[in-house]
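Subject: Structure handover

Hi,

Here is the structure for your files. My notes follow below it.

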Amino acid sequence: MSLKKIDPNQLELVKYPDPRLRTKCAEVKEFDDWLRQVAERMFEIMYASKGIGLAAPQVGLGIRIFVCNPAGKPSSPEGMVFVNPVLTDLAGAAESEEGCLSFPGVYGQVMRAAKCRIRAYDVNGNPLDRQGEDMLARIWQHEVDHLEGVLHIDRFGEAAKLACRRTLREMEEAYKGKGRKKSLVP
Ligand code: CO
């Protein structure tokens, strides 16, 4: 499958139920200027939305890259890009509330491994190997899920699923409405 290198400035936050969020993403093969610009644009969108992580499908791209910054501030040095990430050594379990920039207002408890190891490449193609726990491990697991088309709502328990049902339905209606308006444009 050839990759369409969309102008990174055109990328925008994709929200539920956009089908692009269900993409199983392809490996990144080229560590080029385009990829670096995509990562920069992803940081911009993430910070503007006050997020701490953002994966490529959330800007409509089906490639294996995510950005994160557990401090959530552009000025903090913790911003990192992970390309072709692989999680291993998942250990322990922790339940905590999770949100997602593609689901404004939808929060729920999600069970994750308490610790994990991530191996990936940085945006220039240098290998990375890091261990994380707590919040950091949770962000990595949430973002790697995105690259498989898996969303936090899929991991909600029954109570959280029920609690967000109405909001999801409203988002589905809003999405359909947008489609209708678009189809009126010749
Ligand atoms: Co998310």
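How many residues does α1 have, and how far does α1 reach from its first C-alpha to its last? It has 16 residues and reaches 23 Å, close to the 22 Å expected at 1.5 Å a residue. The expected span is 1.5 Å times one less than the number of residues in the helix. Helices (H or I, at least four residues) and strands (E, at least two) are DSSP runs, numbered from the N terminus.

Before the rest, the ground rules. This is a predicted model, where local features need pLDDT of at least 70 and side-chain atom pairs count only at pLDDT 80 or more, while totals for chains, interfaces and linings use all residues. Residues are numbered from 1 along each chain as its sequence is written, and side-chain values use heavy atoms, with hydrogens and water left out.

Metal site

The cobalt ion has three protein donors listed: Cys100 (SG), His142 (NE2) and His146 (NE2). Donors are N, O and S atoms within 2.8 Å of the metal (3.2 Å for Na, K and Ca); water is not among the atoms, so sites may look incomplete. The donor spacing in sequence is C-x41-H-x3-H. Cys100 and His142 link distant parts of the chain, 42 residues apart. Cys100 sits in the loop between β4 (94-98) and β5 (108-112), and His142 in helix α2 (residues 134-147). Cys100 is buried, at a relative accessible area of 9%. His142 is buried too, at 7%. Buried means under 20% relative accessible area, exposed over 50%, partly exposed in between (1.4 Å probe, protein chains only).

Sheet

Five strands make an open sheet, in the order β1-β2-β3-β6-β7, with antiparallel pairing. Two strands pair if DSSP finds at least two bridges between them. The edges are β1 (53-55) and β7 (127-133), each pairing on one side only. Neighbouring strands are turned by 40° against each other on average, direction ignored. Axes are lines fitted to C-alpha atoms, for helices over the stretch in contact, and angles run from 0 to 180 degrees between N-to-C directions.

The pairings, strand by strand:
- β1 and β2 pair over three bridges, with Leu54 opposite Val67 in β2.
- β2 and β3 pair over four bridges, with Val67 opposite Val81 in β3.
- β3 and β6 (residues 115-121) pair over five bridges; Val83 stands opposite Tyr121 in β6.

Strand β2 is covered on both faces. Ile65 and Val67 are buried on one side, Phe66 and Cys68 on the other.

Helices

Helix α1 lies across β1, β2 and β3, at about 40° to β2. The buried residues of α1 include Trp34, Leu35, Arg41 and Tyr47. After α1 comes Lys50, with a positive phi near 60°.

Helix α2 lies across β1, β2, β3, β6 and β7, running at about 125° to β7. It has 14 residues and reaches 21 Å from first C-alpha to last, close to the 20 Å expected. Twelve of the 14 are buried, among them Trp140, Glu143 and His146. Just after α2, Gly149 takes a positive phi of about 75°.

Cores

The largest nonpolar core has 22 residues. Leu54, Leu61, Ile63, Ile65 and Val81 touch the most other members. α1 (33-48), β2 (65-68) and β3 (80-91) each supply at least two residues of this core. α1 gives the most, with nine. Apart from this core lies another, of 17 residues, including Cys25, Phe66, Ala137 and Trp140. A nonpolar core is a set of buried Ala, Val, Leu, Ile, Met, Phe, Trp, Tyr and Cys residues joined through side-chain atoms within 4.5 Å.

Which residues does Leu54 contact, leaving aside its neighbours within four places in sequence? They are Leu13, Met42, Ile45, Met46, Val59, Phe66, Val67, Leu101 and Glu143. Contact means heavy atoms within 4.5 Å.

One last item

Asp18 lies in the segment before α1. At 8% relative accessibility, Asp18 counts as buried. The C-alpha atoms of Asp18 and Gln58 are 9.2 Å apart, though the two residues are 40 places apart along the chain.

Best regards
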